[in-house]
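These are my notebook entries on one structure, set down in the order in which I looked things up.

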Amino acid sequence: MAPIDESITLKRKQVIASALVKHLSLDPGTSLGVSGKDDIMSLYTKILKSSGKPFLQKENEEVMKWIEFAESFPVDCQACLDALTGFNQDLAQKSILLGNGTTPSDADVIVFSVIHSSVIGLSHLEREKLTHVMRWMDYIQHKEEFAHLFEKILLKKPAFEFLLQGTKGMAKVEVDSNAKKTLESTKNTEKSEADKSTKKNVAGKKVTENKEAVPEKKKPSEKERAEKDKELSVSLLNIQVGLIRKASKHPSADSLLVEEIDVGDAKLRQVVSGLAKYCSPDELTNRRVVLITNVKPGKLRDVMSEGLVLCASNEDHSVVEPLLPPEGAKIGERVSFSGIDGKPEDVLNPKKKQLEKITLNLFTDDKGVATFKGIPFMTSGGPCTSSIPKASIK
């Protein structure tokens with residue numbers, strides 16, 4: 001067994017070296033002379049020196065912690081699964097291992113390189129239990145240019161269902177089906193209008209119906225346009241930083257979770273979210289989130305919901321996660337947007353569809369920073385982020 005273990009550890013170090021060379025933009029032909037005698041720390045120090053990157057003591061201490069994790073990562077399949085389960089808990093409140101949450105660090109690249117071969121061998125059921133690990137792995141493989149160094153890990157998850165304010169309280173909206181219905185409705189309307197405007201006589205000639213002249217619509221005034229823009233301003237939403245104190249399964253809906261969220265009030269706020277397919281209650285407990293607190297309270301399958309947890313979703317809704325406020329953000333503080341002032345509505349009016357109109361302009365940028373029309377979600381500790389770049393936010 002010993003020779004096999006040694007060959008595996010040597011291969012790991014070679015993969016780490018190749019990944020770091022790409023991550024640090026070094027010449028691919030850089031000779032590192034990786035040998036079985038090198039430990040990961042000495043290998044990292046050698047590569048760091050070649051890159052000319054400054055050696056920061058505080059940052060190095062954090063990197064060292066994850067290097068020790070990588071060095072001790074087991075070879076045995078069951079032991080690997082146990083180690084990944086612990087790692088999954090570590091990632092519950094992090095977008096990445098180190099840094100500002102928008103760019104993978106050296107530590108992220110090292111750990112990714114070590115655990116990749118174990119993760120890609122997991123079954124679908126095993127992957128489902130490691131939500132945060134899979135989310136993090138997917139983020140790293142999309143942010144780093146590893147070319148053919150690592151086989152792509154494909155994630156398959158159900159379509160994302162999110163919760164919006166409806167005229168009869170909270171209602172479930174399926175993104176894909178709604179988009180399809182809207183497209184079909186538009187086509188049918190256009191066809192109907194075309195049929196009304198032209199008809200064919202017996203000889204096959206087109207006859208245009210006589211129509212009364214329709215008065216030309218007046219263009220909206222500057223004041224009217226300003227009022228319309230005001231109505232769609234993100235300032236109407238009361239977006240706050242919260243901490244999930246407790247999360248549990250909905251008593252009568254498998255796709256829903258019930259969260260007790262601390263937003264700095266005397267009483268915890270109860271929120272029902274359609275996250276059961278993406279996060280377990282344990283993964284959400286003690287996790288920071290960003291939520292809208294002025295939606296109209298309503299019951300979802302007989303359970304009262306008093307808010308909406310904002311989540312980022314990739315294009316095909318196969319990866320979904322709650323937005324993550326920075327560590328320095330205060331519980332209960334309101335998220336702000338530079339250059340946008342205004343007082344939030346006491347309670348959003350579902351009939352005006354304010355929430356639906358505003359969320360059309362919520363997305364993460366190419367670095368994973370949450371934005372409204374490109375303006376970051378800001379807190380006292382910095383911007384709110386997601387590990388999913390260029391994602392829609394609902």
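**Entry 1**

I looked up Lys-373 and found it exposed, with a relative accessible area of 53%. The model is predicted, so I note its limits: local features need pLDDT of at least 70, side-chain atom pairs count only at pLDDT 80 or more, and totals for chains, interfaces and linings use all residues. Residues are numbered from 1 along each chain as its sequence is written, and side-chain values use heavy atoms, with hydrogens and water left out.

Lys-373 sits in the loop between β15 (370–372) and β16 (375–376). Here and below, helices (H or I, at least four residues) and strands (E, at least two) are DSSP runs, numbered from the N terminus. Although Lys-373 is not a glycine, its phi is positive, about 50°. Most residues other than glycine have a negative phi.

I then turned to Lys-390, in the loop between β18 (382–383) and β19 (392–393). Lys-390 also has a positive phi of about 50° without being a glycine. Its relative accessible area is 67%, so Lys-390 is exposed.

**Entry 1. The chain as a whole**

I recorded 11 helices and 19 strands for the protein chain. Of its 394 residues, 45% are buried. I took contact to mean heavy atoms within 4.5 Å. Among contacts between residues at least 6 apart in sequence, 67% join residues at least 24 apart.

**Entry 2. Helix α7**

How many of the 13 residues of α7 are buried? I found 11 of the 13 to be buried, so α7 is largely enclosed by the rest of the structure. The buried residues of α7 include Arg-135, Asp-138 and Tyr-139. The buried residues of α7 pack against α4 (77–90), α5, α6 (124–128), α10 (281–284) and β13 (320–322).

I also checked the length of α7. The expected span of a helix is 1.5 Å times one less than its number of residues. For the 13 residues of α7 this gives 18 Å, and the end C-alpha atoms are 18 Å apart, which agrees.

**Entry 3. α5 against α7**

I next examined how helix α5 (residues 106–119) meets helix α7 (residues 131–143): their axes come within 11 Å and cross at roughly 115°. The axes are lines fitted to C-alpha atoms, for helices over the stretch in contact, and the angles run from 0 to 180 degrees between N-to-C directions. The crossing of α5 and α7 is left-handed, a term for a near helix turned anticlockwise from the far one by less than a right angle.

On the α5 side I listed Asp-108, Val-111, Phe-112, Ile-115, His-116 and Val-119; they meet Val-133, Met-134, Trp-136, Met-137, Ile-140 and Gln-141 in α7. These contact residues comprise 9 nonpolar, 2 polar and 1 charged. In this scheme Ala, Val, Leu, Ile, Met, Phe, Trp, Tyr, Cys and Pro are nonpolar, Asp, Glu, Lys and Arg are charged, and the others, Gly among them, are polar.

**Entry 4. Cysteines**

How many disulfides does the rule give? With a disulfide defined as a pair of cysteine sulfur atoms within 2.5 Å, I counted 0 disulfides. The sulfur of Cys-279 is 7.2 Å from the closest cysteine sulfur, that of Cys-311, and is therefore too far for a bond. Cys-311 is accordingly in no disulfide. I noted Cys-279 as buried at 4% relative accessibility, and Cys-311 as buried at 3%.

Lastly I looked at residues of helix α1 (residues 2–23), one of which is Ile-8. Ile-8 is partly exposed at 28% relative accessibility. Ile-8 and Val-75 lie 67 residues apart in sequence, yet their C-alpha atoms are 8.0 Å apart.

The C-alpha atoms of Lys-22 and Phe-146 are separated by 6.8 Å, at 124 residues along the chain. Leaving aside neighbours within four places in sequence, I found Lys-22 in contact with Glu-145, Phe-146 and Ala-147.

Ser-18, also in α1, is partly exposed at 32% relative accessible area. Its C-alpha atom is 8.9 Å from that of Phe-146, 128 residues away along the chain.

How values were computed:
Buried means under 20% relative accessible area, exposed over 50%, partly exposed in between (1.4 Å probe, protein chains only).
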